[in-house]
Amino acid sequence: MKSNVGGIDKILRIVAGIVLIVLGVMGIGAPWTFIGVVPLATGLMGWCPLYPLLGLNTCPVKNQ
């Protein structure tokens, strides 16, 4: 799997995932807040399975 999630995108995914999980654990919000596992996992892995389908890539191109 080639990385397709860039720096800011990665940080936003991790923060959003953690916030949603914490809200779910605290009982604030709907039970769907545990969906925060998805953005957290994609942020930590640096790869989003939806991006290739949509033709997106937020990872900067490295010059070689």
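Buried residues come to 25% of the 64 residues in this chain, where buried means under 20% relative accessible area with a 1.4 Å probe, counting protein chains only. Bear in mind that this is a predicted model, with local features needing pLDDT of at least 70, side-chain atom pairs counted only at pLDDT 80 or more, and totals for chains, interfaces and linings using all residues. Numbering runs from 1 along each chain as its sequence is written, and side-chain values use heavy atoms, with hydrogens and water left out.

Now the fold. We have three helices and zero strands, so the pattern along the sequence reads α-α-α, helices being DSSP runs of H or I with at least four residues, strands runs of E with at least two, numbered from the N terminus. The radius of gyration is 13 Å, well over the 11 Å from the globule rule for 64 residues, so the chain is more spread out than a compact globule. That radius is over C-alpha atoms, and the rule is 2.2 Å times the number of residues to the power 0.38. The C-alpha trace spans about 50 × 20 × 15 Å along its principal axes.

What about contacts, meaning heavy atoms within 4.5 Å? Of those with a separation of 6 or more, 64% join residues 24 or more positions apart.

Asp-9 is buried, at 17% relative accessible area. Beyond its neighbours within four places in sequence, Asp-9 contacts Tyr-51 and Thr-58.

Methods. Buried means under 20% relative accessible area, exposed over 50%, partly exposed in between (1.4 Å probe, protein chains only). Contact means heavy atoms within 4.5 Å.
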